[in-house]
Amino acid sequence: MKYRQDINGLRAYAVLVVVLYHFWPNLLPGGFVGVDVFFVISGYLMTGIVIKGIDNSSFKLSSFYIARVDRIVPALVVMIFIVSLFGYFILPHQGLKALGLDAFGSLFFISNIIYSLDSGYFSTHSLDKWFLHTWSLSVEWQFYLIFPICLLLLHKLKISFKSPIAWLILIILIFIYSLFLSKNAPLEAFFHIQSRAWELLAGGLLYLTSFKIDDKYKKITEIAGLVLIISSAILFNKWKMWPGYLALVPVLGTCLVILADSKQSIFTHNSLFQYIGKRSYSLYLWHWPIVVAINYWGNTNVYIQLTALAVAFVLAAISFQYVEKGAVSSIVYTKYKKFIYLVIFTIAGVFFIFTQYKSNLDSDNLSYSKIASQQVMPTSTNGYCFKDFNTNNDTQIGLTSLCSLGTDNKKSKVLLFGDSFAGQYEPLLDEFAKRNNFKIDSVTTNWCHASFEKSFFPNQESHPSFQQCLINRDFLANKTDSYNIIILAGAWANISNMGYLGEVQSVVESYVQKGKIVYLLPSPVNYDMDLVKKFQMLLFNGLPFDASRFTKTKDSNSLKVHQQLLQLASKYSDVHFIERSHLYNTSDQFIIEGIEVPYSLDGSHISLLGSKALLENFSKSDSSQQLLQDINK
């Protein structure tokens, strides 16, 4: 197709909002919409290539696929090879095992399916996935595989496939299905082609339509489109259902810019955006591994982030010049490309197999194996009560009140209730209850803070944990008469930020009026990144760990809410807030076999091992003595 500078400039907008979102999520909380922009552009360009080829009787499916491979694979392979080589030398076996699976999925364009089975694009665990960004390439490649075959089949059957009305109906039907998936299966909706196809087809519809913008309206049309895209990046955030109906905004914005077909626009034709647009693919490939890398190193202050961003641009320029342009134009590549691709994919398969079994080679690292195996979230799958619907697909919705901690030979007078920030304390309470011969019932699941209402702060009512939360809250409201002591814990900063702290206060006051004793557990130190991966990498390579190196600007919010909870507790003699100093060492790490180990798991929660380590401090605290006195009343 004829080269269009406006579309190249539009690519710059798309990649910049994605890159800025990944480096500074709070700056552009909806920057992930850049991928939706890319989808519309790809749909427009591919539709033009295929239909023009069919109309001219020159379209060859094999040539189309080879052209797509030439465009996508060389730069992708180089990026994956370098990152995998880096990972081989520094990542512990579990990290390398995950890297091998992700590399395999990325090279064979099924990474979107692999990631849809995991915890999600917006999860804190996403920063462990070096190739997460390739999910969008997999979606596009799957579209490239299916789309031309469908058009060729319709052409062979002499069925018209150029009717804009027919395309519009198809887009609406797929969009409705996408809305259904977004509500009922959000991970599948985000990652799968069947939920994203309408965006690519919207680009195709643009190519088919004969509608043209009058010259005097082109500028305002282009500006309106860019405003929609940029507004989406600024106003939307990860808590919105995506790609729900809001995805219409960046998609419509992209369509308006393409329809405007501006020939001399300062917004898209300027030298800077033309430069970035040409290198947008390489920039997209390289920026995410760099984001993951700086988070692995733990120090993400603004100077390091700016340096890392500059490195991403440098690598993008090198990749564009010597791989995107250089490799494909080389005589050797042109002559032996089929053989080269065969070697590449064979090596990818061998690397995948090797990484899946490499853990056996690392079994002699006993300290690493002993510690890392317990740096997980305590859940119903490893001996505790917390129902984690994010990581365990086998978790069933149902009553959880019979799940108990401590001794089994006595009726429980104590109930632990809350979300994952309550579940993280189960190993501590289990050990403490066993040591002092009493029993605790635990009712905990994802995001379910103490409340008698139906509120659910992530606003994802389609998630199974919401249904579990309704069951848990019914238990909290109506079936707690037999308990003398209620222990509550939660993601206090998030609960407060979403305006739900008053619901927790209502629960506390209700129990005080019923003559019950309430204990409030603190949030752990909230770091700006996942700590355990950094620790495990250092441990595996025999290097010391120091939690003080890692920034924790987010923790100020938790400390503010702790003060509010302290004030709440001060109003009532039977309400006790357990301060951090009664649980955690001031260094926020503990020693096992001479090794400094962080309590933290992912920067927010503590690990199973860290929770057990709290027992020593808690047992010596005034809070534990008060709790035992209340239990023995």
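Let's start with a pair of helices: helix 2 passes helix 6 in a right-handed crossing. Keep in mind that this is a predicted model.

Packed helix pairs are described by the angle between their axes and the distance between those axes. Here, the axes of helix 2 and helix 6 (residues 135–156) come within 10 Å and cross at roughly 30 degrees. Angles under 35 degrees count as roughly parallel, so helix 2 is roughly parallel to helix 6.

Who meets whom? On the helix 2 side, the residues include Phe 38, Phe 39, Gly 43 and Met 46. Helix 6 brings, among others, Trp 135, Phe 143, Tyr 144 and Leu 151. Sorted by type, the residues of this contact are 15 nonpolar, five polar and one charged.

Now for the cores:

| Core | Size | Residues include |
|---|---|---|
| Largest nonpolar core | 111 residues | Phe 23, Leu 76, Trp 130, Phe 131 |
| Second, separate core | 50 residues | Ala 372, Phe 535, Leu 538, Ile 578 |

The four residues listed for the largest core are those with the most contacts inside it. Helix 2 (residues 33–55) turns up again here, giving this core its largest share, 13 residues. Leu 76 touches Ser 106, Phe 109 and Tyr 281, among others, leaving out residues up to four places away in sequence.

Is Ile 485 buried or exposed? This residue of strand 4 (residues 485–489) counts as buried, because its relative accessibility is 0%. Ile 485 and Ile 631 are 146 residues apart in sequence, yet their C-alpha atoms are 7.5 Å apart in space. Beyond its neighbours within four places in sequence, Ile 485 is in contact with residues including Val 414, Tyr 519 and Ile 631.

Technical notes
Residues are numbered from 1 along each chain as its sequence is written. This is a predicted model: local features need pLDDT of at least 70, side-chain atom pairs count only at pLDDT 80 or more; totals for chains, interfaces and linings use all residues. Side-chain values use heavy atoms; hydrogens and water are left out. A nonpolar core is a set of buried Ala, Val, Leu, Ile, Met, Phe, Trp, Tyr and Cys residues joined through side-chain atoms within 4.5 Å. Buried means under 20% relative accessible area, exposed over 50%, partly exposed in between (1.4 Å probe, protein chains only). Helices (H or I, at least four residues) and strands (E, at least two) are DSSP runs, numbered from the N terminus. Contact means heavy atoms within 4.5 Å. Axes are lines fitted to C-alpha atoms, for helices over the stretch in contact, and angles run from 0 to 180 degrees between N-to-C directions. Angles under 35 degrees count as roughly parallel, over 145 as roughly antiparallel, 65 to 115 as roughly perpendicular and the rest as oblique. A crossing is left-handed if the near helix is turned anticlockwise from the far one by less than a right angle, and right-handed if clockwise. Ala, Val, Leu, Ile, Met, Phe, Trp, Tyr, Cys and Pro count as nonpolar, Asp, Glu, Lys and Arg as charged, and the others, Gly among them, as polar.
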